[in-house]
Amino acid sequence: MTRTDAHTARPSHPGLQSDCARCFGLCCVALPFARSADFAADKPAGTPCGNLQEDFRCGIHARLREHGYAGCTVFDCFGAGQKVSQVTFGGRSWREDPESAREMYAVFPVMRQLHELLRYAAEALELPAARPVHRELRHAYERIDALTREPAAALLALDTGALRGEVNVLLLRAGELARAGVPGRKRNHRGADLLGARLRGAALRGANLRGALLTGADLAGADLRTADLTGADLRDAALHGADLTGALFLTQPQLDAARGDAATRLPAHLRRPAHWDPPAR
């Protein structure tokens, strides 16, 4: 998968940023992918990608898209890779200790889920309007953070589905409180099938788009300020000129999977994908 030195999370939460220099290339080994428009070859779980080098870095990182590995560019572990590598397994790699490799690969996706939850909780704690649930969110954050430091066996025994359900209740409430401050009627498209929808210039400020299928949707020029985009599928969605200022729970992988340009307005903590359309001359 993608190999970068820093990715998504806010600067105030460096532990939720991927640090590939401290990871053993886990996303490039533990996870499977199938030959498709996103991946140039098949790779089963637990097998190193052919592009992974001895130093655990990707040999084609700067040219992933042109080599047919666009799927790698939209993946982020939210810091789970280095946590598993340096904390759970104490800095000993799967090459140094082959006997621990299978367990390490199994722990990695569990840790990624925990770090993703931490990333969302951290954002919710920075929303002034969500103050009524900050105490519960803080407790949830501390609990999950403690879980990420548990040994491998404990991590593999976790019911991550139940944990996500508990935290999601708080995140949903935080999003509702934040969107309540947006004037006017707010659209509710939670979980909606908007595949290829024509939403150019749509007034979606403060909308609920949690889990919405927006693959290939035309959102050019849309007003998505303070919209809740938790888990929304933005693959190949057109965001040219759209305003995503203050969008809630939007992640870098979602942006990386979409299309946009220099006129797309983004939350301050997210970066403009390098593959987006260049500025007009």
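**Salt bridges and nonpolar cores**

A salt bridge (a side-chain nitrogen of Lys or Arg within 4 Å of a carboxyl oxygen of Asp or Glu) joins E116 to R112, with 3.9 Å between the closest N and O atoms. The model is predicted, so local features need pLDDT of at least 70 and side-chain atom pairs count only at pLDDT 80 or more, whereas totals for chains, interfaces and linings use all residues. Residues are numbered from 1 along each chain as its sequence is written, and side-chain values use heavy atoms, with hydrogens and water left out.

E116 and R112 lie 4 residues apart in helix α2, and are therefore separated by about one helical turn. Helices (H or I, at least four residues) are DSSP runs numbered from the N terminus. E116 counts as buried, at 14% relative accessibility; the term buried means under 20% relative accessible area, exposed means over 50%, and partly exposed lies in between (1.4 Å probe, protein chains only). E116 also forms a salt bridge with R164, where the closest N and O atoms are 3.3 Å apart. This pair links distant parts of the chain, since E116 is in helix α2 and R164 is in helix α5, 48 residues apart. R164 is partly exposed, with a relative accessible area of 27%.

The structure holds 15 salt bridges. Side chains of opposite charge can pair when their charged atoms come close. One of the salt bridges is between D228 and R210, at 3.5 Å from N to O. Both residues of this pair are in the loop between α5 and α6 (252–257), 18 residues apart. D228 is buried, with a relative accessible area of 1%, and R210 is buried as well, at 6%. Salt bridges that share partners also join D223, R225, D243 and R265 into one network.

A nonpolar core is a set of buried Ala, Val, Leu, Ile, Met, Phe, Trp, Tyr and Cys residues joined through side-chain atoms within 4.5 Å. The largest such core has 58 residues, and L26, W94 and F108 have the most contacts inside it. At least two residues of this core come from each of α1 (80–88), α2 (101–124), α3 (134–147), α4 (152–156) and α5 (160–180). Helix α2 supplies the largest share, 14 residues. Leaving aside neighbours within four places in sequence, W94 is in contact (heavy atoms within 4.5 Å) with F24, L26, V29, P48, L52, F56, A101, M104 and Y105. A second, separate core has 29 residues, including L219, L229, A258 and L266.
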